[in-house]
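Welcome! Here is a short tour of one protein structure, written for someone meeting it for the first time. Please take a look at it below, and then we can walk through some of its side chains together.

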Amino acid sequence: MAAVKPTDLICVGAIAGAFGVRGEARLKSFCAEPRDISKYAPLTTEDGQRSFTVKALKAIKDGFSCRLGGVATREEAEALRGTRLYVPRDRMPSLPDDEFYYSDLTGLDVVDVGGVPVGQVRSVDDFGGGDFLEIVRSDNGRLLLIPFTRAAVPTVDLGAGRIVIDPPEDIEMRE
């Protein structure tokens with residue numbers, strides 16, 4: 001079997017630490033329907049070195065508590081805090097033409113509404129107030145955070161490999 005390339009993986013969640021004293025873990029789901037994360041098991045680390053089954057998913061504040069295969073103690077669960085969990089793209093549902101997985105955006109070129117190059121997408125993040133595009137600017141290498149809303153990001157063109165942004169006025173685009 002061929003090795004899975006990181007671009008063939010979709011991040012579906014992350015381990016947020018231990019829950020309780022018997023080896024359960026806190027699991028944060030990035031799925032549109034959060035409970036669906038268990039349907040994609042086994043979940044793997046990005047490097048493919050570890051794989052986890054997911055059992056007894058129970059809703060808790062900010063996620064789920066669960067048993068992860070191969071994790072038997074609180075200390076093991078806590079040591080996995082921050083570990084992102086992935087599934088191969090071919091196990092994910094197909095999307096309509098106007099939808100995409102956030103991992104598809106990483107590396108795309110970014111231009112403003114006038115067509116002026118801005119940079120490249122480094123990641124899509126949620127810091128608690130909604131999703132943001134993290135863009136590495138092409139003019140100075142600095143990071144630029146743009147709210148990932150229809151108003152600020154009117155166009156995502158996967159075929160052309162680019163995103164068009166129309167940032168809010170309070171975001172400084174020029175040095």
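Let us begin with one serine: the side chain of serine 29 reaches the backbone nitrogen of cysteine 31 at 3.2 Å. A polar contact here is a pair of N or O atoms within 3.5 Å; within protein, one must be able to donate a hydrogen and the other to accept it, and residues adjacent in sequence count only if both atoms are side-chain atoms. A polar atom of the serine 29 side chain also lies 2.9 Å from the backbone oxygen of proline 34.

Before going on, a word on the source: this is a predicted model, in which local features need pLDDT of at least 70 and side-chain atom pairs count only at pLDDT 80 or more, while totals for chains, interfaces and linings use all residues. Residues are numbered from 1 along each chain as its sequence is written, and side-chain values use heavy atoms, with hydrogens and water left out.

Where does serine 29 lie? Serine 29 is part of strand E2; helices (H or I, at least four residues) and strands (E, at least two) are DSSP runs, numbered from the N terminus. Serine 29 counts as buried at 15% relative accessibility, where buried means under 20% relative accessible area, exposed over 50%, and partly exposed in between (1.4 Å probe, protein chains only). Leaving aside neighbours within four places in sequence, serine 29 is in contact (heavy atoms within 4.5 Å) with Val12, Gly13, Pro34, Ile37 and Phe64.

**The nonpolar cores**

In soluble globular proteins, nonpolar side chains tend to be buried together. A nonpolar core is a set of buried Ala, Val, Leu, Ile, Met, Phe, Trp, Tyr and Cys residues joined through side-chain atoms within 4.5 Å. The largest one in this model has 23 residues, and Val12, Leu27, Leu43 and Leu68 touch the most other members. Strands E1 (9–19), E2 (24–29), E5 (54–60), E6 (63–68) and E7 each give two or more residues to this core. E1 provides the largest share, 4 residues.

Leucine 43 has contacts with Val12, Ile37, Arg50, Ser51, Phe52, Val54, Leu85, Tyr86 and Val87, again leaving aside neighbours within four places in sequence. A second, separate core holds 16 residues, including Leu108, Ala152, Ile163 and Ile171.

**Charged pairs**

Side chains of opposite charge can pair when their charged atoms come close. How many salt bridges does the count come to? With a salt bridge taken as a side-chain nitrogen of Lys or Arg within 4 Å of a carboxyl oxygen of Asp or Glu, the count comes to 5. Among them are these:

| Lysine 39 | Aspartate 36 | 3.1 Å |

Arginine 122, in strand E9 (residues 117–126), and glutamate 134, in strand E10 (residues 131–137), are 12 residues apart, and the pair links distant parts of the chain. Glutamate 134 counts as buried at 10% relative accessibility, whereas arginine 122 is partly exposed at 48%. Beyond its neighbours within four places in sequence, glutamate 134 is in contact with residues including Gln120, Val121, Ser123 and Leu144.

Arginine 89 is partly exposed at 27% relative accessibility, and aspartate 104 is partly exposed at 22%.

**Aromatic pairs**

Which rings do ring pairs link into a cluster? Phe100, Tyr102 and Phe148 make up this cluster. Rings of Phe, Tyr and Trp (its six-membered ring) pair if their centres lie within 6.5 Å; planes under 30 degrees apart count as stacked, over 60 as edge-to-face and the rest as tilted. The whole structure has 2 such pairs. Phenylalanine 100 and phenylalanine 148 form a tilted pair, 6.2 Å centre to centre with 40° between the planes. Phenylalanine 100 lies in the loop between E7 and E8 and phenylalanine 148 in the loop between strand E11 (143–147) and strand E12 (155–157), so the pair ties together parts that are 48 residues apart in sequence.

Phenylalanine 148 counts as buried at 18% relative accessibility. Tyrosine 102 and phenylalanine 148 form an edge-to-face pair, 5.5 Å centre to centre with 65° between the planes. Tyrosine 102 is partly exposed, with a relative accessible area of 36%.
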